[in-house]
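User: I'm new to reading protein structures. Could you walk me through this one with some questions and answers?

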Amino acid sequence: MSVGSFCLVLHGHLPYVLRHGTWPHGEAWLFEAAAETYLPLLATLQECEYLNGQPRITLGLTPILLEQLAHSDFKTRFREYLQERIERARGDHDGFERSGDMHFARLARDWEEFYAERSAQFDAIDGDIARAFAELARDGIVEILTSCATHAYLPLLSEDASVNAQVRAGLASSRRILGIDPSGIWLPECAYRPPGPWYAPVPWGEPRSRPGTDQAVAAAGLDHFFVEHTLIEESRSEWVDNHGWHKVDWEEAVKYPNRGWRDPLEPVRVSSNGGPPGNTVVFARDHDICERVWSGDVGYPANGAYLEFHKKRGERDGLRYWRITDRHLDLGGKQPYQPDAIAGCIHEHASHFCARIKQRLHEHRDRTGRRGVLVACFDAELFGHWWFEGPRFVRDVMLTLNADPDVDVCTSAEALKRAHIDKAVALPEGSWGDGGDHRVWVNERVKWVWDIIYRCESTFGKLTFNLPWRERSDLRGLLELAARELLLLQASDWIFIIARDQAIDYGIKRIVLHADRFERITELTTRVAAGGGNVDHMSDLEQWSVRDAVIHDVVFPHIDLNWWNV
């Protein structure tokens, strides 16, 4: 019998970039992730299955990502992107041969084969990446998590209606595009807020008591989510199941540590306001295991043999031909990539990773006498895009652990069925960002964004409450357009890239774009409700939306205003 379970959780997400520029900020993000992460990950899982490796992963595919992957524009433009990559590799190959750089010529040929394989793979699944993952989900290989519609940072939204709408809209998209009914959710940035007093990060209204994030999750019928390890370690003991749930005091975790209180390897139920535990279970991300991959200092991807992400040949979007060499070197000091050295590195790192997982599970059993559930959570795009060799690492981890009787490799939904979850806790507030709090998404550089979001939330709430949109289809149609822009405005990505100095101009541009559209649409809605709307105004609305054709169902084509009901 195994000593515990291991869940690999990958969070796949990109903001809405389709028809919003190409390079360096825009569709290139989507195409690179599809070519370097999503398709290689599909191939990896299929290879493991072919080798009878019984792969199991939990994969978050955010609704806004699914909306883009499922769109015909993506399928057409991605094929063009792959062909351009193939031609670029051929051009590089010919140039290297002419200059006598035969090692680089070989690397260029490898790139040509890589993109040709991705093109053939994309054609084989009829250009439908989302459906391909859904098929793996039906086969039990993958569990797909839903998420908030546009990856909104839930603890800082000012309206409970907005929180509910983000969750409900996201779930509706996941169901429509995947054809399955997710049971778990990836909370954007693992951000959680307990029920109780809420204080806006900018001057906005009075403090008030609000439901917790877990309550919005439970109201949508979802039964589990994920948090950073610190939230479990700082949790408060509330209930225990001894042939029925019994209330305990807050010192229970101190009195009975062997029961697994405050241990990241113990999934627990959530108790809101100290009340009886509901059906919502929370898993904690294991810091020790994740650091082996995530850390830029000691993580495996920092090894000098792996492909250097930042150095490209020639033009701004050229191909990569160099290895990391030493992470302290500037780009000029990078040495040529050596593909023949990679298999040994991946084997060494995957073996070390698996051994540490096994050790952690044994330590937990020795300490508590219980089977632990070790959860490793990462951004999916780390595997393949940022760490080119990452999908092969996943393959070796799956094959190694599935051959080990001590470790039960499973999805989080399977872990829920197998684990003995006998504790309920109250969670503190936090995220997986810097400091474990909200500082990345609310600071002096981005506070102005929250003022805009809050004003739009307030305006939308008043219009949907006061206007007779249920009886008037013209008002309903306009409010649906406004709702789409509000969802897009709330995306946490714009705030993140501004705070991180990654693409400041692009982030500001997207915030201003969606806020401006929202305001124009709601102003028109008010005029139409008062009897002042006319054909010219509707023509203006069409012109405002022509760039990404929001009116024409690029994303979230079936908005339901009832999602905003509290």
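Predicted model: local features only at pLDDT ≥ 70, side-chain atom pairs only at ≥ 80, totals over all residues.

User: Which residue of strand E12 (residues 372-379) is the bridge partner of Leu10?

Analyst: E1 also pairs with E12 in the parallel sense, this time over eight bridges. Look across from Leu10 into E12 and you'll find Phe378.

User: And over how many bridges do E1 and strand E2 (residues 57-61) pair?

Analyst: One spot to look at is Val9, whose bridge partner in E2 is Thr58. The pairing is in the parallel sense, and the count of bridges is four.

User: What handedness does the β-α-β unit of E1, H1 and E2 have?

Analyst: Picture the strands pointing away from you: if the path from the first strand over the helix to the second runs clockwise, the crossover is right-handed. For E1, H1 and E2, the unit comes out right-handed.

User: Is E1 itself enclosed or open, and how many of its residues are buried?

Analyst: "Buried" means under 20% relative accessible area, exposed is over 50%, and partly exposed lies in between (1.4 Å probe, protein chains only). Gly4, Phe6, Leu8, Leu10 and Gly12 point one way, Ser5, Cys7, Val9 and His11 point the other way, and all are buried. So E1 (residues 4-12) is largely enclosed by the rest of the structure, with a buried count of nine of nine.

User: What covers the buried residues of helix H16 (residues 492-499)?

Analyst: Six of the eight residues of H16 are buried, so the helix is largely enclosed by the rest of the structure. The buried ones are Ser492, Asp493, Trp494, Ile495, Ile497 and Ile498. Counting contact as heavy atoms within 4.5 Å, the cover includes H1, helix H14 (447-466), helix H15 (473-489) and helix H17 (504-529).

User: Which residue just after helix H5 takes a positive phi?

Analyst: H5 (residues 129-138) is largely enclosed too, because seven of its ten residues are buried. Those are Ile129, Ala130, Ala132, Phe133, Ala134, Leu136 and Ala137. Just past H5, a positive phi of about 85° turns up at Gly140.

User: Is Pro336 buried, exposed or partly exposed?

Analyst: Pro336 lies in the loop between helix H10 (287-294) and helix H11 (342-368). Leaving out residues up to four places away in sequence, Pro336 touches His103, Phe104, Tyr321, Trp322 and Arg323. Its relative accessibility is 23%, so Pro336 counts as partly exposed.

User: Which element gives the largest share of the lining of the second largest pocket?

Analyst: On a 1 Å grid over the protein atoms alone, a cavity is a set of points where a 1.4 Å probe fits but cannot get out, a pocket is an open set with protein on both sides within 12 Å along at least five of seven lines, and lining residues have an atom within 4 Å of a point. Grid points are joined across faces, edges and corners, and a volume is the space filled by probe spheres set on the points, which comes to about 610 Å³ for the second largest pocket. Of its 23 lining residues, the closest to the centre are Phe114, Glu117, Arg118, Phe388 and Arg392. Helix H1 (27-50), helix H4 (102-124) and helix H12 (390-402) each give two or more residues to the lining, and the largest share, eight residues, comes from H4.

User: Last one: what volume does the largest cavity have?

Analyst: Among the residues lining the largest cavity are Ile232, Trp261, Arg262 and Lys423. The largest cavity has a volume of about 30 Å³.

Methods
Residues numbered from 1 in each chain as written. Heavy atoms only, no water. Pairing = 2+ DSSP bridges.
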